[in-house]
Each structure stands twice: as C-alpha cells, then as structure tokens.
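Look at the model first, then read the notes.

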Amino acid sequence: MLQNEDLAQKLEAAIEYMRECLGGQKPDILLVLGSGLNHIAEAVNNPVLIPFNDVPHLCESTVEGHVGRFVFGEIGGKNVLVMQGRLHGYEGYTAQDVAFPVWFSHKLGAKALFTTNAAGSMVEGLAPGDFCVISDHINFTGRNPVAGAKVPEVGPRFFSMEDAYDAHFRATALSVAADLGIHAQEGVYLGLLGPSFETPAEIRAFASWGAATVAMSVCEEVIAARQVGMRVLGMSLISNYAAGLGPESLNETNFEQELARVFTIAGEKATLLVKGIIASMEL
Ligand code: HPA
C-alpha cells in the first residue's frame with residue numbers, strides 16, 4: 001500500500017471521536033508542547049482531557065516528560081487544543097503519524113498551529129533559557145508527511161513553503177516577549193530525525209547554512225499545517241548549546257539535567273509568554 005492511501009478514512013474516524021469529546025466546541029489553535037514545556041497545559045481554563053491512546057489511529061507519546069494527551073479549553077480568549085506531548089520520528093513513527101494530529105485539528109476547525117520545542121543553540125546570542133521565534137526552517141529529517149499517495153481530501157501535493165512561519169504571528173510573539181521583558185529573537189530552525197545528537201562537524205555545517213537552532217521535531221508538523229493552509233507560529237526554548245559549542249558532550253543524562261535546569265529558570269516565563277502570545281494572536 002502506498003504511504004497515506006488510507007489517510008482520509010483514518011482521519012474521519014479520529015475527527016468523529018474528537019468531535020464527540022469536544023461536544024460541538026471547535027479549536028481555534030493547535031498548540032503543541034515540546035520537551036520541558038508540558039506544564040503550559042495547566043494554563044488551560046475548563047479543560048477537557050483526551051488521552052492520545054483513545055483517539056483512533058493516533059500514536060502514543062513514548063517520550064519521558066511528554067504526557068500524551070490533548071487538553072482542550074480556553075487560553076487568552078481562544079479555544080486551544082493543546083498537545084501535551086508530541087510524536088517524534090525518532091520514536092519510530094512515520095512522518096504521516098507525526099502529521100496526523102495536525103491534519104485532524106485543521107478539520108476540527110483549527111486555523112493556526114503554534115508549535116513549541118526545546119532546541120540546541122548554534123549562535124552566541126541565544127543561550128539556554130532564551131526563546132527563539134522560528135523565522136524559517138531547514139527540514140533535514142529526510143522525510144515529508146505529504147510524500148505518498150495523493151489525498152485530495154487532505155490537501156494538495158505541491159504547495160509553497162515560502163513564508164511558512166506567519167510574519168504577523170512572529171511580530172506578535174516578539175512584541176509580547178519584549179512587553180514581558182523576556183529575551184526572544186528570531187532564527188532559522190534546523191530539524192533532524194535524531195535521536196543521536198549531532199557531530200560538531202554537522203553543527204558547524206548547519207550554522208554556516210544560516211541555521212540558529214537545532215532539534216528533532218517541528219518540521220513535519222509545519223509541512224502538514226502548510227499543506228492545509230494553517231498559519232504557523234514556532235517557538236523554541238533553548239535548552240543547550242549544540243554539539244561542540246557547549247562545555248561538555250551531550251548525553252541523555254546531562255541533556256535531561258540541562259532541560260530541568262532550564263525549566264527552573266524559564267518554565268514560568270514560558271507559560272507567561274505562550275499565554276500572552278495566544279491572547280494577542282489575530283486569527
Ligand atoms: N540537538 C538536537 N536536538 C535537540 C538539541 C540538540 O542540541 N537540544 C534539544 N533538542
């Protein structure tokens with residue numbers, strides 16, 4: 001079977017289930033919470049909780065610290081469907097698996113994707129604890145969720161990835177950060193499949209291409225969102241300096257310690273910032 005051949009039917013089943021759970025309410029925004037950022041879901045008012053496991057054809061999150069459920073409710077006057085935990089290619093999921101919740105959120109009514117993650121910095125101006133608003137991306141995962149059978153019910157096969165990250169949303173994010181006194185700047189994000197961290201030579205190459213940050217998520221979600229015409233905002237919390245640029249080589253233990261440390265210094269700021277941005281986003 002070609003990749004995506006049964007996508008339309010699978011989406012229908014997921015949408016039907018989600019509609020039942022939401023009881024007629026529609027999301028305005030799909031908010032994806034990355035590593036170390038799952039606590040932001042606590043900002044949701046009147047939450048409806050939907051475990052990933054219960055949604056037909058949706059994969060479960062296997063990453064520690066990713067809760068693996070939707071939290072639907074209100075933030076900043078908007079209906080937000082929060083993914084408390086995300087799906088990654090490095091867990092063994094296909095690009096289509098990763099894109100699946102983006103596609104069905106759009107069918108449920110979401111006009112925008114706000115995707116967040118933890119990322120490594122390749123530039124001096126971005127230190128652990130800082131925020132980077134994604135201005136553009138380099139998809140270096142080697143994968144694309146739209147590759148496969150043509151599925152007109154979902155969207156076109158060929159579409160532009162110019163201006164993938166909405167200029168108005170980016171300006172809003174930077175101005176909300178400035179108002180809150182939180183350091184944020186724009187940068188190009190480079191997405192990889194992982195799960196091994198990069199070599200220093202790779203990081204030097206990526207930096208020379210103009211990328212500021214690197215991590216193992218986001219690109220496939222954003223491609224899926226653009227295919228269906230959702231406007232996108234992406235924001236990374238810098239968790240570490242990328243390979244070869246930090247004080248020690250990255251491994252699972254020190255990466256998680258670094259995430260926890262960054263969370264302690266920036267966790268509250270992240271919640272304030274995301275809430276403020278959502279309240280100010282003009283859809
Ligand atoms: N490399 C890849 N993925 C990451 C990093 C990194 O340095 N930091 C957070 N996610």
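This is a predicted model: local features need pLDDT of at least 70, side-chain atom pairs count only at pLDDT 80 or more; totals for chains, interfaces and linings use all residues.

Residues are numbered from 1 along each chain as its sequence is written, and side-chain values use heavy atoms, with hydrogens and water left out.

**Ligand shell**
- Residues around the ligand include Phe-197, Val-214, Met-216, Ser-239, Asn-240, Leu-250 and Phe-255.
- By class, the shell holds 8 nonpolar, 3 polar and 1 charged residues.
- Strands β5 (112–121), β8 (211–215) and β9 (231–241) each give at least two shell residues.
- β5 supplies the largest share, 3 residues.

**Polar contacts** (pairs of N or O atoms within 3.5 Å)
- An N or O atom in the side chain of Glu-198 is 2.9 Å from a nitrogen atom of the ligand.
- For a backbone N or O atom of Gly-120, the distance to a ligand nitrogen atom is 3.2 Å.
- For a backbone N or O atom of Ala-118, that distance is 3.5 Å.
- The ligand alone exposes 260 Å², and the protein buries 96% of that (Shrake-Rupley method, 1.4 Å probe).

**Helix residue**
- Thr-271 lies in helix α6 (residues 252–280), helices being DSSP runs of H or I with at least four residues and strands runs of E with at least two.
- Thr-271 is buried, at 18% relative accessible area (buried means under 20%, with a 1.4 Å probe and protein chains only).
- Glu-42 is 229 residues from Thr-271 in sequence, yet their C-alpha atoms are 8.8 Å apart.

Definitions and conventions. A residue is near a molecule or strand if one of its heavy atoms lies within 4 Å of it. A polar contact is a pair of N or O atoms within 3.5 Å; within protein, one must be able to donate a hydrogen and the other to accept it, and residues adjacent in sequence count only if both atoms are side-chain atoms. Ala, Val, Leu, Ile, Met, Phe, Trp, Tyr, Cys and Pro count as nonpolar, Asp, Glu, Lys and Arg as charged, and the others, Gly among them, as polar. Buried means under 20% relative accessible area, exposed over 50%, partly exposed in between (1.4 Å probe, protein chains only).
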